[in-house]
Amino acid sequence: MHRFFIPRPYADEMEIDGIDARHIYTVLKMKPGEKVQIVSDDGVTALAQITETAPGRTVVKCLEVIAESHEPAVKITLAQGLVKGEKMDFIIQKAVELGVSHIVPLAMEHSVVRYDGDKAAKKRERWQKIAESAAKQSKRDIIPEVAAVTTMDRLMSECDCTTKIIAYECEDKQGLKQALRTNPQTDSILVIIGPEGGISEAELNTARAGGAVPVSLGRRILRAETAGLTALSAILYEFDELGG
């Protein structure tokens, strides 16, 4: 069943507009009487029935609030070093499907790409649309926010996650599982992943000073677009969020 996010508080009758309304009318060709799921901006998910459709407007009547949550109990922020080409698009899409709560693109010393000004704003807009599409497809109850491109210094000064880890290829003393089990009651986790060129020593020191623990993701070196998704999957499995 198709799911749509509506940027308004829940009500018995709600209106879907903009791109989603056009999609319903011109692509899905849905008619009055057909059912959809809606998620309001105050976090209510409901089964709804279409009562009116037009190219720019769809009106639905809410039939039943859906109590079951599709969100992980642990909130995960993925701070991903900027990667080239379409790899960032892929990482964002799959991270949202897995259940990440927040994504922070990181401009790092060894990042091949650089975004600033208008280009950074346009990239963020594109990434947010990818996150929204992935949230709809995977039946999320929220659309994870993609933050503005930032630096390691700012990330560590602003992040308030109770557990912070940084995947570091030279770490040989502590694995991800071990780090997670030192604080099994945590409700929020920051995962920092480097770009193709890896994490610099200065960035590692900044992360450590901000409370992040270096961890290994195994004996094999993972690509930048693989490491974050591997870490997310392992964390969610550890917290019984993957078919436990």
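Which residue in strand 10 is the bridge partner of Ile76? The points below begin with the basis of the model and then return to this pairing.

1. Basis of the model. This is a predicted model, in which local features need pLDDT of at least 70 and side-chain atom pairs count only at pLDDT 80 or more, while totals for chains, interfaces and linings use all residues. Residues are numbered from 1 along each chain as its sequence is written, and side-chain values use heavy atoms, with hydrogens and water left out.

2. Helices (H or I, at least four residues) and strands (E, at least two) are DSSP runs, numbered from the N terminus. Two strands are said to pair if DSSP finds at least two bridges between them. Six strands make up an open sheet with parallel pairing, in the order 8-7-6-10-9-11. Its edges are strand 8 (145-146) and strand 11 (213-215), each with a single partner strand, so one side of each has no neighbour in the sheet.

3. Strand 6 and its partners. The bridge partner of Ile76 in strand 10 is Ile189. Strand 6 pairs with strand 10 (residues 188-193) in the parallel sense over six bridges, and with strand 7, also in the parallel sense, over five bridges. In the latter pairing, Gly81 stands opposite Leu106 of strand 7. Strand 7 in turn pairs with strand 8 in the parallel sense over two bridges, and here Ile103 stands opposite Val146 of strand 8. As for burial, a residue is buried under 20% relative accessible area, exposed over 50%, and partly exposed in between (1.4 Å probe, protein chains only). Strand 6 is mostly covered, with six of its seven residues buried.

4. Helix 1. The buried residues of helix 1 (residues 18-27) are Asp20, Ala21 and Ile24. They lie on the same side of helix 1 because they cover an arc of only 100° around the axis; the arc is that of the directions from the helix axis to the C-beta atoms. The face turned away from this buried side carries the exposed residues Ile19 and Val27. The buried residues of helix 1 pack (contact means heavy atoms within 4.5 Å) against strand 1 (3-6), strand 2 (13-17), strand 4 (45-54), strand 5 (57-65) and helix 3 (117-137). Just after helix 1, Lys29 takes a positive phi of about 50°.

5. Helix 2. The expected span of a helix is 1.5 Å times one less than its number of residues. For the twelve residues of helix 2 (residues 87-98) this should give 16 Å, and the end C-alpha atoms are 16 Å apart, which agrees. Met88, Asp89, Ile91, Ile92, Ala95 and Val96 are buried in helix 2. They cover an arc of only 165° around the axis, which puts them on the same side of helix 2. Packed against these buried residues are strand 6 (75-81), strand 7, helix 3, strand 8 and helix 7 (224-238). Gly99 follows helix 2 and has a positive phi, near 130°.

6. Ser111. Where does Ser111 lie? Its place is in the loop between strand 7 (102-106) and helix 3. Ser111 counts as buried, at 6% relative accessibility. Leaving aside neighbours within four places in sequence, Ser111 is in contact with Gly81, Leu82, Leu106 and Pro195. A polar atom of the Ser111 side chain lies 3.5 Å from the backbone oxygen of Leu82.

7. Salt bridges. A salt bridge is a side-chain nitrogen of Lys or Arg within 4 Å of a carboxyl oxygen of Asp or Glu. A search of the whole structure finds 13 salt bridges. In one of them, Arg3 pairs with Asp141, the closest N and O atoms being 2.9 Å apart. Arg3 lies in strand 1 and Asp141 in the loop between helix 3 and strand 8, so the pair ties together parts that are 138 residues apart in sequence. Both Arg3 and Asp141 are buried.

8. Two further pairs. Glu71 forms a salt bridge with Arg140, with the closest N and O atoms 2.7 Å apart. Arg140 counts as buried at 2% relative accessibility. Lys136 forms a salt bridge with Glu132, with the closest N and O atoms 3.4 Å apart. Both residues lie in helix 3, four residues apart, about one turn of the helix. Lys136 is buried, with a relative accessible area of 17%, whereas Glu132 counts as partly exposed at 27%.

How values were computed
A polar contact is a pair of N or O atoms within 3.5 Å; within protein, one must be able to donate a hydrogen and the other to accept it, and residues adjacent in sequence count only if both atoms are side-chain atoms.
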